[in-house]
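Please look at the sequence and the structure first.

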Number of protein chains: 2
Amino acid sequence: MARFGLNIDYKSIKMKNNRRRFLSNLGSATIMIPSLIKGYTSSELQHFSPERLNETNISIWDLDTPSLCVDLDILEANLSKLQAITTQNGIAARPHAKTHKCPQIARLQMAAGSIGICVAKISEAEVMFDHGIDKILCTTTNVTQDKIKRAMSLKKWCPDFIQATDSPANARLLSEAASAMGITADIVVDVDPGMHRTGIPAGEPALQLAQLVDQLPSLRLRGILCYDGGSQHVSGFEARKKQTLDRLAAAADTVGMMRKAGLNTEIFSGGGTGTYNIDHENEGFTDVQAGSYVFMDNQYMAIGGEHNTDVYDDFRPSLTILTTVLNDQYEGRVTTDAGAKACTINQPWPAVKGQSGMDYRSGSDEFGTLIFNDPSRTYRVGEKLELIVSHCDPVVNLYDQMYAIRNEKVEAIWKIYGRGKSS
Amino acid sequence: MARFGLNIDYKSIKMKNNRRRFLSNLGSATIMIPSLIKGYTSSELQHFSPERLNETNISIWDLDTPSLCVDLDILEANLSKLQAITTQNGIAARPHAKTHKCPQIARLQMAAGSIGICVAKISEAEVMFDHGIDKILCTTTNVTQDKIKRAMSLKKWCPDFIQATDSPANARLLSEAASAMGITADIVVDVDPGMHRTGIPAGEPALQLAQLVDQLPSLRLRGILCYDGGSQHVSGFEARKKQTLDRLAAAADTVGMMRKAGLNTEIFSGGGTGTYNIDHENEGFTDVQAGSYVFMDNQYMAIGGEHNTDVYDDFRPSLTILTTVLNDQYEGRVTTDAGAKACTINQPWPAVKGQSGMDYRSGSDEFGTLIFNDPSRTYRVGEKLELIVSHCDPVVNLYDQMYAIRNEKVEAIWKIYGRGKSS
């Protein structure tokens, strides 16, 4: 499994936030452990320390459902793989925390060698910083006065915070807010890869914005980002490679123009899980913003990889939803307790881990439906099963915590502090 | 608006939970109100009391985004309408709280005349009871030992708690757990309307289960439930009516068989927002479990009503997502901050409230896309707009609180304590 074995020592990664440690200790002192019941609710487990978990010896199959679980061996292999390949390709990893929203995973990413993390929203940045992560790039332009002020407040306390901007008007607002706060803000220009979703057009507009950022008081230009979200899930490695290199060519040219103009181009950030082993071919590219690689999901596995054209298996699925069968009274199917509110309705639908010949559907809000075609096994009422998730980002956003599992044992409970932080 | 005006006095509805009041007072004493910024984050507002909100005079347009908002005039009209029509039809309302997951709305439903609320999961029941709601029907069979124990623990403290069961083996487990706890549990038999999702088949199997519940020690049979989820969104009133009456015929027959056998049939619960004005035609039917009627959404509006065949307007949309335009640099479109993590990917997609000639898409995790076709207006970066939601249940499940709005003013902040309670 751990081909690029990193041997992460969880205990060596200190929690910077004393309040958490306090609560954790408080938890050990005051929470009762049910002695006879096999089945632990999230409320019962939420303040268990790793030591206490170790003593209690809880199996994944004892957990209340639906529960979100992450397999530590697989997660660690995924962390190592991204680091190994990016290093080999002469670039860095700056993983996107919008996927996991979990400070503990951000710590593991930093420990694995990442140069920082990305966040999509300022509220995610605040949560990550509150929990000890201090190298943060906010990839989304903040456009309202209050969010700009929050970003600059964060920068005041977090020297390694970098903010994206995508318009001259926005750059001026950032400069004013930074000046008012007596700081100098680190800024990257967000360049549109042609999706017309966020960012400024590549070429002259982006160059002029970079020059403006360079000239405005209280701003420090660090370079650009160009996230080609539309290419990440293109099916087939060669098609994906062609599309993203085509789309990023204008951004790479812009970096060249900036360099010629004497501007700072130390950051040319972009890419994702689908293009992590392609992006380094862009001239001047510095770091990959991959997010999903930590967990993987059915959407990514379906796109095919460089070596395995059927399944994209550069990274392996670590994230599962544990669910219980509620009803087995009808021929050829069972009903589970994990529907749309536990799985989302993203497709390809969740898949039962380790089994074949059955189709899962999470289209109903409260219930999942498992249809048996030519099943490797069947399930009876009360039995539990693990689902590989459809699309990891929005699934994680439904849960307050995930259970970190190794060899079927609960090794830790990780709070998803960024859950619901969409603002 | 308030055709069935109920004149709910919010202040008369006391909070039963002292901890909340304590936190609310604590909040007033310690939270700083930013003086110059128009823009309030959820963290800043979360402990504002209604009195403080009233003094502060916050407009919906001052809220940080994405935010979930509910229009109180419309909500109250919806509450009154359901109560008026069910009363007129000689049945009761037992609204489903899985939709709103919000104790404050459950209080309003009780104040409007509901005989109780339904919940889909035992964790929802616990949350509702913790916040003062004490007439609760759990419509889902709990199959694991720990959930059965939790349901019976709840019953011990909440005399008006009713639990569904759908198999003889489950009824026996309930009886054992109730006996062990020294209580008598109120039970309804969950009858399958033909969807084969949950419930026991109507007719003999259901009758035998009812007889078993009636005979087992520590159980008290109250009747049946039969939720025909598959008919709620059938397009066209007459088609919907035919389908659901056909599907519920076997359940109604079962109730007749139970009555003939001398069993208690005081509860025959079912139906929803799509069939609330049809269900009373089932012989012996007692109460409607409508959920979405409080908020409405694009999915329900599309099915057509008895009087308006184009739009189902028996109830009106009260729930919106407030979002901000992040980018207006590209022709014919803008990008907003409300994507799949704020809106879900349910369809029909969200619609911009009060506007026409534009299409919203929330298919991207972090961003919404608004395409202008023949727009009634356009939007510039930084401007905010309100979205009518696609499908209310899973949208509510993404937010920790909703802002209760009247005439564009924030009148209250309602915690969605059941958010994420899928277990």
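## Contact between the chains

In this predicted model, 49 residues of chain B are in contact with 49 residues of chain A. On the side of chain B that touches chain A, the elements giving two or more residues are the helices α7 (145-157), α12 (340-343) and α13 (392-396) and the strands β11 (319-327) and β12 (333-336) of chain B. Sorted by class, this side of chain B has 22 polar, 15 nonpolar and 12 charged residues.

The same surface serves both copies, as 100% of the contact residues of chain B recur in chain A.

## Domains of chain A

The domain assignment divides chain A into domain 1 (19-71 + 314-415) and domain 2 (74-296). Their C-alpha centres lie 33 Å apart. Where the two domains of chain A meet, 14 residues come from domain 1 and 18 residues from domain 2.

On the domain 1 side of this contact, β1 (67-71) and α13 (392-396) of chain A are the elements that give two or more residues. Of these, α13(A) gives the most, with 3 residues. By class, the domain 1 side has 8 nonpolar, 4 charged and 2 polar residues.

## Helix α5 of chain A

Helix α5 (residues 103-111) of chain A has 7 of its 9 residues buried, so it is largely enclosed by the rest of the structure. The buried residues are P103(A), Q104(A), I105(A), A106(A), R107(A), L108(A) and Q109(A). Their cover includes α4 (72-88), β3 (117-119), α6 (122-130) and β18 (409-415) of chain A. Just after α5(A), G113(A) takes a positive phi of about 120°.

## Helix α9 of chain A

Helix α9 (residues 204-215) of chain A has 12 residues, which at 1.5 Å a residue should span 16 Å; the end C-alpha atoms are 16 Å apart, in agreement. Its buried residues are A206(A), L207(A), L209(A), A210(A) and V213(A). These residues lie on the same side of α9(A), because they cover an arc of only 165° around the axis.

The buried residues of α9(A) pack against the strands β5 (160-165), β6 (185-192), β7 (200-201) and β8 (219-226) and the helices α8 (168-180) and α10 (237-260) of chain A. On the face turned away from this buried side, α9(A) carries the exposed residues E204(A) and Q215(A).

In chain B, I117(B) lies in strand β3 (residues 117-119).

Leaving aside residues up to four places away in sequence, I117(B) touches R94(B), P95(B), A97(B), A106(B), Q109(B), M128(B), I133(B), K135(B) and I136(B). The C-alpha atom of I117(B) is separated by 17 Å from that of V189(B), a residue 72 residues apart from I117(B) along the chain.

Terms used: Residues are numbered from 1 along each chain as its sequence is written. Chains are lettered from A and ligands numbered from 1 in the order in which they are written. This is a predicted model: local features need pLDDT of at least 70, side-chain atom pairs count only at pLDDT 80 or more; totals for chains, interfaces and linings use all residues. Helices (H or I, at least four residues) and strands (E, at least two) are DSSP runs, numbered from the N terminus. Two residues are in contact if their C-beta atoms, placed from the backbone, lie within 7 Å. Domain bounds come from an automatic or database domain assignment. Ala, Val, Leu, Ile, Met, Phe, Trp, Tyr, Cys and Pro count as nonpolar, Asp, Glu, Lys and Arg as charged, and the others, Gly among them, as polar. The expected span of a helix is 1.5 Å times one less than its number of residues. A residue is buried if 20 or more other C-beta atoms lie within 10 Å of its own, exposed if 12 or fewer, and partly exposed in between; C-beta atoms are placed from the backbone. The arc is that of the directions from the helix axis to the C-beta atoms.
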